[in-house]
Amino acid sequence: MGNLPAGVTLKIEADAQALAHAAADLICAAVQQKPDLSILVATGNTPMPTYAELARRAAAGQADFSRVTAVQLDEYLGLTDDDPRSLWGWMQRSFVAPLGITRTIRLHVPEEFDRDVAALGGLDLALLGLGPNGHLGFNEPPSPPESPTRTVTLTPESLESNRVYWNGLAVPTGAMTAGMNLILSARQTVLLVSGAHKRGILRCTLEGDQTPNLPASLLRRTALTVIADEAAWL
Ligand code: PGA
């Protein structure tokens, strides 16, 4: 494999379950070190086994997330709170409630969101998935590093990749995302990548140019840990 920048760690795990364990280990270690961790939380399919493993550890009394703040990464526009496609709802069901988290920052109004995250002292950890087009949250290509928290129009690639989540319901075309500037300012970033369909984009993310045309490639300037399964890398 090509040269990875000094700050980047790549962990290859046998499969999605092993990936979930490794990611849960990393997150639990971060929470142990700083019980009031602020963490930017991705939805999507990739992190779900990790969240299930974290929930299992919380239920077993092996981890305590009660002082953690969960920060929403992205959201569709124009949905009511009870809409099944709400990403806030997905984050609540998969992460906040099962882990016993009581503190959250919701992505609603960009200026308020950025102010609330700043008041917390910024992000300790950004937990991210990799879009098939290299997006982070809904920072679609091209997204320069200084891109702020904002509303965006989703690309055809993201509309297509998001379709699998919603059982035939239409994917909203408008969205809001935490900015690249916020993601890149996190003290630690973790990118989870699972499945053979992510192999090409993962290679480009780690070994291609660092470019706004592939927003995830910009993570290489951060303290980045990539946890991938063999299907996504080998
Ligand atoms: P996935 O989505 O985890 O469902 O593959 C990742 C993304 O689009 O950011």
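Visitor: Which residues of helix α7 are buried?

Guide: In this predicted model, helix α7 runs over residues 199-207, and its buried residues are I201, L202, T205 and L206.

Visitor: How do you know that they sit on the same side of α7?

Guide: Around the axis they cover an arc of only 125 degrees, which puts them on the same side of α7. An α-helix has 3.6 residues a turn, so residues three or four places apart point the same way.

Visitor: Now to α4. What makes its buried residues one face of the helix?

Guide: Helix α4 spans residues 110-119, and P110, F113 and V117 are the buried ones. Seen down the axis of α4, these fall within an arc of 65 degrees, so they line one face of the helix. Exposed residues E111, R115, A118 and A119 are carried on the face turned away from that buried side.

Visitor: What covers the buried residues of α4?

Guide: The cover includes β3 (69-72), β5 (103-105), β7, β8 and α6 (180-185). Just after α4 comes G121, with a positive phi of about 100 degrees.

Visitor: Which residues of α5 are buried, and what do they pack against?

Guide: The buried residues in α5 are S158, L159, S161 and N162. They pack against β4 (74-76).

Visitor: Why is R57 called buried?

Guide: The cut-off for buried is under 20% relative accessible area. R57 has 10%, so R57 is buried. This arginine is found in helix α2, residues 48-59. Leaving aside neighbours within four places in sequence, R57 is in contact with H21, A24, D25, C28, Q62 and A63.

Visitor: And why is N167 called exposed?

Guide: Exposed means over 50% relative accessible area. The value for N167 is 79%, so N167 counts as exposed. You will find N167 in the loop between α5 (156-163) and β8 (174-177).

Visitor: What is the phi of N167?

Guide: Phi of N167 is near 50 degrees, a positive value in a residue other than glycine. Most residues other than glycine have a negative phi, and most peptide bonds are trans.

Visitor: Where is a cis peptide bond?

Guide: A cis bond joins P141 and P142, with omega about -5 degrees. P142 lies in the loop between β6 (125-129) and β7 (150-153).

Visitor: Stepping back to the whole chain, how do you know that its radius of gyration agrees with a compact globule?

Guide: For 234 residues, a compact globule would have a radius of gyration near 17 Å; the chain has 16 Å, so the two agree. The C-alpha trace spans about 40 × 40 × 35 Å along its principal axes. There are eight helices and 10 strands in the chain, and buried residues make up 56% of its 234 residues.

Visitor: How many of the contacts join residues at least 24 apart?

Guide: Among contacts between residues at least 6 apart in sequence, 79% join residues at least 24 apart.

Notes:
Residues are numbered from 1 along each chain as its sequence is written. This is a predicted model: local features need pLDDT of at least 70, side-chain atom pairs count only at pLDDT 80 or more; totals for chains, interfaces and linings use all residues. Side-chain values use heavy atoms; hydrogens and water are left out. Buried means under 20% relative accessible area, exposed over 50%, partly exposed in between (1.4 Å probe, protein chains only). Helices (H or I, at least four residues) and strands (E, at least two) are DSSP runs, numbered from the N terminus. The arc is that of the directions from the helix axis to the C-beta atoms. The radius of gyration is taken over C-alpha atoms; the globule rule is 2.2 Å times the number of residues to the power 0.38. Contact means heavy atoms within 4.5 Å.
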